[in-house]
There are 2 protein chains.
Amino acid sequence: MIQNPKNIAIIGSGLVGSLLAIYLKKLGHTITVFDRRPDIRNITFSGRSINLAMSNRGWKALREVGIEDEVRNLAIPLDKRAMHVIGKPLYFQKYGKEGEAIWSISRGVLNKRMIDLAEGAGVTFRFEEKVWDVSLPEAKLYTGQSEKSEWKEYDYDIIFGCDGAFSRVRHKMQRRSRFDYSQDFIDVGYKELSIPPNPDGSHKLDKHSFHIWPRGNFMLIAMPNLDGSFTCTLFLPFEGEVSFERLKTEADAKAFFETYFPNVMQVIDDLLVDFFKNPTSAMVTMKCYPWTYWNKVALVGDSAHAVVPFYGQGMNAGFEDIYVLNQLIHAYGDDWERIFQEYQKERKPNADAIAELSYRNFVEMSSKTADPRFLLQKKIEKRFAAKHPEKWIPVYSRVTFSDRPYAEALAAGDTQERIMREVLKMPDIERKWDSEEVERKILSLL
Amino acid sequence: MIQNPKNIAIIGSGLVGSLLAIYLKKLGHTITVFDRRPDIRNITFSGRSINLAMSNRGWKALREVGIEDEVRNLAIPLDKRAMHVIGKPLYFQKYGKEGEAIWSISRGVLNKRMIDLAEGAGVTFRFEEKVWDVSLPEAKLYTGQSEKSEWKEYDYDIIFGCDGAFSRVRHKMQRRSRFDYSQDFIDVGYKELSIPPNPDGSHKLDKHSFHIWPRGNFMLIAMPNLDGSFTCTLFLPFEGEVSFERLKTEADAKAFFETYFPNVMQVIDDLLVDFFKNPTSAMVTMKCYPWTYWNKVALVGDSAHAVVPFYGQGMNAGFEDIYVLNQLIHAYGDDWERIFQEYQKERKPNADAIAELSYRNFVEMSSKTADPRFLLQKKIEKRFAAKHPEKWIPVYSRVTFSDRPYAEALAAGDTQERIMREVLKMPDIERKWDSEEVERKILSLL
């Protein structure tokens, strides 16, 4: 298929590592995937995962390499949010137009299948082999039992770092001069909980909804699994009045759930057991540049750009990296230096954009949802978008249901914000928000 | 002097490490300073230094521990900039009021003296002993020949990381969850050059000036040394039309200096030798948080906050860290957890402020000095400040000649910027910039 097959190492057998392995193997390269962890197909999953929401960009990347249908079988479409607001009956918010949905997949289930698919395609996996060091100019890597033990040396043509937000490969690049890097943690943590299926295997809540219990600066979400269960995630500040730090005893946690999530208490039998068994995890935005070293090493996915999970785009962005890389390989053939240069130039602004959008969604969810001005703005936007769907595409739709660049979605969102700032300045806007005057004003500003 | 003397390790024997050692030793603690480099008192200095500009904050920290006079003897006061602009005769700009000056000191000369002073006070130095790892909760450190060699373990009560922008101690803290970190390189590099003294030992240029050859997005500066020489620094973009990348041969470099710095060519005999002998260095802004770990480990100086050198405040900010730490030790006695908490809370916003101010000075120098609006603004500010010195303290003076917090200087500068934006909007401002109307306008906005 290609003139010059390469001997390629991929560090990390997660979702991005295994998909990249499938792509590159299909192109005719020899692929070895290293992972310090054991084969997840043989172990129970960790209990620190948020379910994945596959959307347009993810599907497109899977389709390109012929495994979309395989993966659809593992996923459940969610076409709406189910809002569990205290003092209100349950209500629903459609995500997009008819037929538009995000797809809930368990990370563990998907990762296992992807490794199967990669192995089936001829990829070699070396599990429980930790890479301690990388020689960037020579594309050599060194593995071993510990940092100070005897190391084994491997020689490759190209190394891809798909080893996540705390990438060892990037760590090596980071020690070079002129490497820009940032990691910013948010002050909210998360913990995985689980709603078991009914005795008959059915789901206890509506299965085609993304369930949200918004509570100001904290919230619970739930996404369905194929086995009838839901994977829940509690997002809660680490410190402060209502926080992980304050939930020290079973009695604390019980009172917390009874106060804020009474209907959840009823459906999770082992809530308190889960709560103290599962770890509390932190969330980080990680940015860096450059992403590549000559024609030898490249970072893909979270190792190049980790985002907070509030847009559900982490995996989708990583899969889109691979899709773009593949296009560039087709465009520039064996010129890996050019491929890597174009790859980082094209992807970096989009990675920055989805990082910003994801962080803004966090701020929005944690502080703005109680602000009456914000809610008024959302009402006006919704009304206008319904009347002029071609003139006002919500940022959420641009990110989730299109494959236009993230940077374009961010810019369009900024334009919409500027317009709405003017609209909210209109006298008496609270009263006349649904008037033709407001509609004309928006049209004039577009 | 204190009830509970500690066994303290300081990593790094640079300016901040040695001054901190002097402070802590005088308080009665046992101090060992580790440095991976050899004792600089026995070697020739590296040729990658920018001369230091000691200003108010630095002097205050030296005075507190009784070594101000010692250090004054090594320094030359500069009360003005000497501007070498192409096509104009040399002209001077006073820094501040009568008697206000910054003080030029060679980094090597000062560092050697500080180590002498620390040793004299009873501090132990362990040179050429590299710290490879630190156990934060136990305040243990591990040194050795190489990362993989046998390591020696040391046990301390407290460890201070004064090991600079690429700190090994911070590196260890950085691997913990919820540690915020960023490093941002600018696209300009620098190279040290040297103007030798006249045969009679006198200076070839005015000795009480900070010499600047501004050339748009690059520049040369020169600061005097006691021996009659000047340490020069060429700041130049790494890439682009006029850049380090384009100066590959002696002929390239000769043409560059003849075109842009003809009067410098005449005074540096070995200009081209220096140019190719000395390294080209990068400049980084580094921010992180937290700076401390329990009551065990703290970062001080560049290891906690590295700034680009365009405000001449890197060392001054590090010395001010020590001054503040010392005040907190006096306030909270043996409660090191409290000392460290208060230290990072007080210093972090000020470190961020001087980072921002330093970066802005870089942008100003590299892109704004040719902008006529900017020059007009500076003219108006200067006139107003001369008439109302108590109402308009320039940011430079707040940073350099006061000891008020950096964050206050930044905020005051932002207020001045807002006012000047309004002033520059006045019709016909180019013509009436020195009118009473403009003066009244500024007064009304203050």
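This is a predicted model: local features need pLDDT of at least 70, side-chain atom pairs count only at pLDDT 80 or more; totals for chains, interfaces and linings use all residues.
Two strands count as paired here if DSSP finds at least two bridges between them.

**View 1. A six-stranded open sheet in chain B.** The 6 strands line up in the order E6-E5-E15-E16-E17-E14 of chain B, and their pairing is mixed. At the edges you'll find strand E6 (91-94) and strand E14 (188-195) of chain B, each with a single partner strand, so one side of each has no neighbour in the sheet. Going from one strand to the next, the twist averages 25°. For a look at one pairing, take E14(B) and strand E17 (residues 230-237) of chain B: they run antiparallel and are joined by 8 bridges.

View 2. Look for B:Met54, which stands opposite B:Trp103 in E7(B).

**View 3. Where chain B meets chain A.** How many residues does each chain bring to the contact? Chain B gives 23 residues and chain A gives 23 residues. Together the two chains bury about 1,900 Å², and carbon and sulfur atoms give 38% of that area. Three residues stand out on the chain B side: B:Lys148, B:Arg178 and B:Gln183 supply 36% of the area that chain B buries against chain A, more than any other three residues.

View 4. Between chain B and chain A, 13 residue pairs are in polar contact. Helix H5 (168-174) and strand E13 (180-185) of chain B are the elements that give two or more residues to the side of chain B touching chain A. Of these, E13(B) gives the most, with 6 residues. Sorted by type, the residues on this side of chain B come out as 7 nonpolar, 6 polar and 10 charged. There are also 2 salt bridges between the chains. One to zoom in on joins the side chains of A:Glu239 and B:Arg178, at 3.1 Å from N to O. Side chains of opposite charge can pair when their charged atoms come close.

**View 5. Strand E13 of chain A and its two partners.** Which strand of chain B pairs with strand E13 (residues 180-185) of chain A? The partner is E13(B), antiparallel and with 3 bridges. In this pairing, A:Ser182 has B:Ser182 as its bridge partner. Within chain A, E13(A) also pairs with strand E18 (residues 284-289), again in the antiparallel sense, over 6 bridges. Here A:Tyr181 is bridged to A:Cys288 in E18(A).

**View 6. A cis peptide bond in each chain.** In chain A, the peptide bond from A:Tyr289 to A:Pro290 is cis, with omega near 0°. You'll find A:Pro290 in the loop between E18 and strand E19 (292-293) of chain A. Now switch to chain B: a cis peptide bond joins B:Tyr289 and B:Pro290, with omega about 0°. B:Pro290 sits in the loop between strand E18 (284-289) and strand E19 (292-293) of chain B.

View 7. Over all chains, the structure holds 72 salt bridges. In this one, the side chains of A:Arg373 and A:Glu430 meet at 2.9 Å, N to O. A:Arg373 belongs to helix H11 (residues 372-387) of chain A and A:Glu430 to helix H14 (residues 429-432) of chain A, so the pair ties together parts that are 57 residues apart in sequence. Also worth a look is A:Asp428, in the loop between helix H13 (406-424) and H14 of chain A. Its phi is near 70°, a positive value in a residue other than glycine.

Conventions:
Residues are numbered from 1 along each chain as its sequence is written. Chains are lettered from A and ligands numbered from 1 in the order in which they are written. Side-chain values use heavy atoms; hydrogens and water are left out. Contact means heavy atoms within 4.5 Å. Buried area is the accessible area (1.4 Å probe) that two parts lose on being put together, summed over both. A salt bridge is a side-chain nitrogen of Lys or Arg within 4 Å of a carboxyl oxygen of Asp or Glu. A polar contact is a pair of N or O atoms within 3.5 Å; within protein, one must be able to donate a hydrogen and the other to accept it, and residues adjacent in sequence count only if both atoms are side-chain atoms. Helices (H or I, at least four residues) and strands (E, at least two) are DSSP runs, numbered from the N terminus. Ala, Val, Leu, Ile, Met, Phe, Trp, Tyr, Cys and Pro count as nonpolar, Asp, Glu, Lys and Arg as charged, and the others, Gly among them, as polar. Axes are lines fitted to C-alpha atoms, for helices over the stretch in contact, and angles run from 0 to 180 degrees between N-to-C directions.
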